[in-house]
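Grab a pencil and work through the exercises below. Try each one on the structure before you read the solution.

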Amino acid sequence: MPHLGSMPEPTAKPRTLMSGWISRLDLATELGLSVDTLRRWEAQRVGPPCVRAGRKVYYRRAAVEDWLEEQEQAAPRRRRAGGRR
């Protein structure tokens with residue numbers, strides 16, 4: 001039976017401070033966008049929420065996923081150009 005101060009299970013992955021967060025460069029790469037686009041979205045307050053740590057900008061992965069889902073739901077349905085088919 002484990003007691004206080006015992007070592008964690010060897011299979012348990014140690015949680016780091018930045019787990020669950022992604023840098024602006026990494027997010028841009030994953031989304032196929034430029035860093036400048038994310039920077040512009042931040043200035044216009046239209047992109048996913050982010051936090052600053054000095055000069056670095058980070059995004060919480062869960063917040064990015066939520067933001068992406070909101071974009072999917074908010075996207076207007078486009079009608080086809082032309083007449084009836």
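Helices (H or I, at least four residues) and strands (E, at least two) are DSSP runs, numbered from the N terminus. You're looking at a predicted model: local features need pLDDT of at least 70, side-chain atom pairs count only at pLDDT 80 or more, and totals for chains, interfaces and linings use all residues. Residues are numbered from 1 along each chain as its sequence is written, and side-chain values use heavy atoms, leaving out hydrogens and water.

**Exercise 1.** Find the salt bridge that D36 makes, and work out how far along the helix its partner sits.

*Solution.* Start with the rule: a salt bridge needs a side-chain nitrogen of Lys or Arg within 4 Å of a carboxyl oxygen of Asp or Glu. The side chain of D36 meets R39, at 2.5 Å from N to O. Finally, check the cover. Buried means under 20% relative accessible area, exposed over 50%, and partly exposed in between (1.4 Å probe, protein chains only). D36, at 49%, is partly exposed, and R39, at 40%, is partly exposed too.

**Exercise 2.** Which residue pairs with E30, and which helices does the pair tie together?

*Solution.* The partner is R61, with the closest N and O atoms 3.5 Å apart. E30 is exposed at 53% relative accessible area, while R61 is partly exposed at 37%.

**Exercise 3.** Track down the salt bridge between E42 and R52, then see which residues its network joins.

*Solution.* The E42 and R52 side chains meet at 3.4 Å, N to O. E42 belongs to helix α2 and R52 to strand β2 (residues 51-53), ten residues apart. Through shared partners, salt bridges join R24, E42 and R52 into one network. The whole structure has four salt bridges.

**Exercise 4.** Pick out the largest nonpolar core and say which elements give two or more residues to it.

*Solution.* A nonpolar core is a set of buried Ala, Val, Leu, Ile, Met, Phe, Trp, Tyr and Cys residues joined through side-chain atoms within 4.5 Å. The largest one has nine residues: I22, L27, A28, L38, W41, V57, Y59, V64 and W67. Two or more come from each of α1 (24-31), α2 (35-44), β3 (56-60) and α3 (61-74). In soluble globular proteins, nonpolar side chains tend to be buried together.
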